[in-house]
Every structure is written in structure tokens, then in C-alpha cells.
Amino acid sequence: MKISIIVPVHNEADNISALIAEIGKVMGGAEAYEIIYVDDGSNDNTAEVLKQELQQVNALKVIRHQRSCGQSAAIYTGVKAAKFPFVATLDGDGQNDPADIPRLYEALIQQRENISNLWMIAGWRNNRHDSAWRLFSSKVANGVRSRLLDDNTPDTGCGLKVFLRDEFLSLPYFDHMHRFLPALVLRAGGQVISEPVNHRSRTHGHSKYGTLDRLWVGIIDILGVIWLKKRAKLSEASEVERG
């Protein structure tokens, strides 16, 4: 397994060290891996904690946004900096379980033997540990998005995904694109499979994204993705040989 693990964070100082240690334990048997933390303009002790971890963890790389640009920008920065052809993304709050990464990676490799255009395995939090309001709002949002975009993905909000680096970078980039990755992959001619993953309660801090903020921005973004889908044209081309 050769894979880059991208962890975008904003003000998650209390969750960093434990998650890095957990990733290292899970990935100890990997042929090669790297952990890329992207500090999205944090104003707590995130930068200091990451500097300390850099001195102790050889597989760690840290990139810092001078100001907060959002989760999609942080993920995009991390993927561009990744050196391996396969990428996994994890939320920095510790609710995603790193132990799922090898399983999703193997699923992607094995399924690609039968589905050559499979680009992504998306995590599916089918047993979530969140508040009742968060569960309700997420269910509504996923239902609306799935109906309008027909992306056949039950949980696009899950931060745990494994995908092909180059194919990700070929997708149209925009703010909040991480919430619509399955639809964008399908638009580009790729395929996505969802796999159940573990989901854990947050132990430190709180969510940095409000439900109402996601709702209003999400409506605008869905309309934009619908437009992108309608404007997409997939061509089949082959090179003409001499003679």
C-alpha cells in the first residue's frame, strides 16, 4: 500500500497528537505512506502542536494556510502536495476511524479489477454518533442532494474517502466541492462505491461548521453542480495510427 493521508484541520489542537499516533499505528505495515496535515488558518495552538509532531513523526508533512480558506481548499492543497497515486482523506476531529483506511484501499484496488473506471471509495457512516439535530439535518441534506444530483451515494458528508490522486485533480475545483465529490466523479466518467465505516463521538472541541450555514451555501452549490452536470460532455477518443 502506497498512500497519502490528507487531514484538513482548523482549530483542532486537542485532537492532533492522538490522531497522528493512531494513523501511525494503523499504517505501520504499509509499504509506504505519508500523513499530510493542512492547517487551514487555525488561531488556536494547532500550529504549535503540529510543529512538535514534525520533530517526532517522519511520515508527517505540514502545510499551513495563512488564513482560513475552508475545508475544500485544505483538501485540495493536501492532494496537490501528495506524492502517492492513492489518497485518503480524514476529518481532523477524530470521528473518522483510521483503521478503515486499509480496508477502503483494498476495496478500491480489488473492485478496480472489475470496474476499470472506479475512482473512489466513499465512507458511509451508517451508525453515526452525533446529536439528534445533526443526524436529522444530515439525513434531510443527503436526501435532497441525492435526489437532485442522482449521485447514488448515501453519505457524501463523510470525510473518510479513498481515491485516485490524479483523477481528483482533474475535477472542477470550487469552494465546498468536497461535499459533492461523488457527483463530480460521476460527471467526469468515473464511478464511486460507498462502504460502511466506523464513526466515533468527538472527544475534544466542537464542529466548526454550522447547520444553517451549510444549508444555505449547500442550496447554491447544488444548483451549481446541476449546471456542471448539464454542461458536461464525455467524449470517446482514440489516437489514429500511422500507415
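Me: How many of the contacts between residues at least 6 apart in sequence join residues at least 24 apart in the protein chain?
Reply: It comes to 81% of them, with contact meaning heavy atoms within 4.5 Å. Keep in mind that this is a predicted model, where local features need pLDDT of at least 70, side-chain atom pairs count only at pLDDT 80 or more, and totals for chains, interfaces and linings use all residues. Residues are numbered from 1 along each chain as its sequence is written, and side-chain values use heavy atoms, with hydrogens and water left out.

Me: Thanks. What does the secondary structure of the protein chain come to?
Reply: The chain has 8 helices and 7 strands. Those are DSSP runs numbered from the N terminus, with helices being H or I of at least four residues and strands being E of at least two.

Me: And what share of the residues counts as buried?
Reply: Of the 243 residues in the protein chain, 46% do. Buried is under 20% relative accessible area, exposed is over 50%, and partly exposed is in between, using a 1.4 Å probe and protein chains only.

Me: Let's zoom in. Where is arginine 125 found?
Reply: Arginine 125 is in the loop between strand E5 (118-124) and helix H5 (132-149).

Me: Is arginine 125 buried or exposed?
Reply: Buried, because its relative accessible area is 11%.

Me: Which side chain does the side chain of arginine 125 make a polar contact with?
Reply: That of aspartate 155, at 2.8 Å. A polar contact here is a pair of N or O atoms within 3.5 Å; within protein, one must be able to donate a hydrogen and the other to accept it, and residues adjacent in sequence count only if both atoms are side-chain atoms. Not counting residues up to four places away in sequence, arginine 125 touches Asp155, Gly157, Cys158, Val197 and His199.

Me: You mentioned a cysteine. How many disulfides does a search of the whole structure find?
Reply: It finds 0 disulfides, a disulfide being a pair of cysteine sulfur atoms within 2.5 Å. Cysteine 158 is buried, because its relative accessibility is 1%. Cysteine 69 is partly exposed, because its relative accessible area is 31%.

Me: New topic: how many cavities of 30 Å³ or more does the structure hold?
Reply: There is 1, and about 40 Å³ of space lies in the largest cavity. On a 1 Å grid over the protein atoms alone, a cavity is a set of points where a 1.4 Å probe fits but cannot get out. Grid points are joined across faces, edges and corners, and the volume is the space filled by probe spheres set on the points.

Me: Which residues line the largest cavity?
Reply: Trp119, Met120, Phe163, Leu164, Glu167, Phe168, Leu171 and Val185, where a lining residue has an atom within 4 Å of a point. E5, strand E6 (161-164) and helix H6 (165-169) are the elements that give two or more residues to that lining.

Me: How do the residues of that lining divide?
Reply: Into 7 nonpolar, no polar and 1 charged. Ala, Val, Leu, Ile, Met, Phe, Trp, Tyr, Cys and Pro count as nonpolar, Asp, Glu, Lys and Arg as charged, and the others, Gly among them, as polar.

Me: Last one: what is phi of asparagine 152 near?
Reply: Phi is near 55 degrees there, a positive value in a residue other than glycine. Asparagine 152 sits in the loop between H5 and E6, and asparagine 152 is exposed, because its relative accessible area is 67%.

Methods
1 Å grid on protein atoms, 1.4 Å probe; cavity = no way out; pocket = protein on both sides within 12 Å on 5 of 7 lines; lining within 4 Å.
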